[in-house]
Amino acid sequence: MSDPHFDIRLSRRRALTCLGAWSGAAVLWNVVGGVPVAYGKSLDREKPRAGGFAFAQISDTHIGFHKDANPDVTGTLRRCIADLNALPDRPGFVAHTGDITHLSKPEEFDLAGQLFGEIKVDRMHFVPGEHDALDNGLSGYLQRHGVQGGGKPWYSFDDHGVHFIGLSNVVDFKVGSMPTLGDEQLGWLEKDLASRSASTPVVVLAHIPLWTVYEPWGWGTADSARALTALRRFGSVTVLNGHIHQVLQKVEGHVAFHTAMSTAYPQPAPGAAESPGPLTVPAGELGKYLGTRELHVVRGKSMLATVDRPIAGAADVAEART
């Protein structure tokens with residue numbers, strides 16, 4: 001059942017407080033031949049690595065969250081950091097796909113920065129979540145993470161032949177409605193992509209999904225069609241999101257969409273409850289609903305081969321999904 005304290009009619013601040021599912025799953029991405037391949041944070045140490053360029057993804061750390069669903073978010077984050085630091089090959093960087101903090105308070109950003117400093121990588125790249133934009137918009141976020149975008153929450157960079165794009169779709173967030181990227185950011189994106197060869201692999205980072213997962217809950221981006229139009233000419237596009245605290249994936253042509261899994265608690269499947277929010281599961285069973293996933297994205301294929309590994313130790317489940 002959904003959290004009884006969550007009500008889609010609540011104020012923005014209170015609703016966001018209740019929406020604070022911690023989704024700190026760490027995912028290692030390896031770019032091989034321009035195609036990103038994802039490994040769960042519990043990477044099989046015996047599996048031969050294919051080479052190429054690797055980076056890691058974490059999301060929705062919600063530093064400052066103090067509720068029964070996870071009273072120790074710093075401890076959970078440190079567990080994920082330990083997993084990252086134990087990887088046999090150090091990732092090139094870590095991408096954080098939003099909701100660094102729970103209430104966008106300075107002390108929360110400061111603590112998050114201290115914790116991220118424990119990750120054994122040279123750099124991190126961030127995009128904002130709606131929880132990072134509560135009281136004063138994105139001012140606190142931009143003070144700490146706005147240099148790369150020149151004071152804007154969107155930016156791009158190149159690494160090992162891959163073009164990375166960080167987007168912001170949380171500034172006009174309202175519970176129950178889909179946010180937007182906005183004309184200014186979309187114009188910047190189109191200009192940024194115009195000079196790129198269609199053979200350049202592209203990875204997009206954004207907190208809220210760029211495809212419409214479930215419109216009644218605001219799980220999508222209202223003006224994403226314009227962004228996707230600009231991206232569809234590229235042969236390999238991978239879009240990484242957080243926000244919904246569960247793994248969903250979709251492929252449209254050469255564009256593959258992935259949302260991040262939670263390591264704290266799940267949210268309802270789209271439309272499976274009256275509203276989004278943390279799911280309460282029987283004691284001792286939470287691990288059945290949390291875990292890691294490997295994704296093998298193959299150029300020219302419309303199906304993704306996936307392997308799900310619940311942290312409770314259930315048998316691996318491998319399947320192909322559209």
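Two strands pair if DSSP finds at least two bridges between them. Helices (H or I, at least four residues) and strands (E, at least two) are DSSP runs, numbered from the N terminus. This is a predicted model: local features need pLDDT of at least 70, side-chain atom pairs count only at pLDDT 80 or more, and totals for chains, interfaces and linings use all residues. Residues are numbered from 1 along each chain as its sequence is written, and side-chain values use heavy atoms, without hydrogens or water.

**The sheet.** Six strands make an open sheet of mixed pairing, ordered β6-β7-β8-β9-β11-β10. From one strand to the next the twist averages 15°. Axes are lines fitted to C-alpha atoms, for helices over the stretch in contact, and angles run from 0 to 180 degrees between N-to-C directions. Helix α5 packs on the sheet and touches β6 and β7 (contact: heavy atoms within 4.5 Å). The direction of α5 makes about 170° with that of β7.

| Element | Residues |
|---|---|
| β7 | 162–166 |
| β11 | 255–259 |

Strands β10 and β11 run antiparallel, joined by four bridges. Gln249 stands opposite His258 in β11.

**Helix α2.** Buried residues (under 20% relative accessible area, 1.4 Å probe, protein chains only; exposed is over 50%, partly exposed in between) in α2 are Val73, Thr76, Leu77, Cys80, Ile81 and Leu84. They fall within an arc of 145° seen down the axis, so they line one face of the helix. The arc is that of the directions from the helix axis to the C-beta atoms.

**Leu103.** This residue is in the loop between β4 and α3. Leu103 is buried, at 15% relative accessible area.
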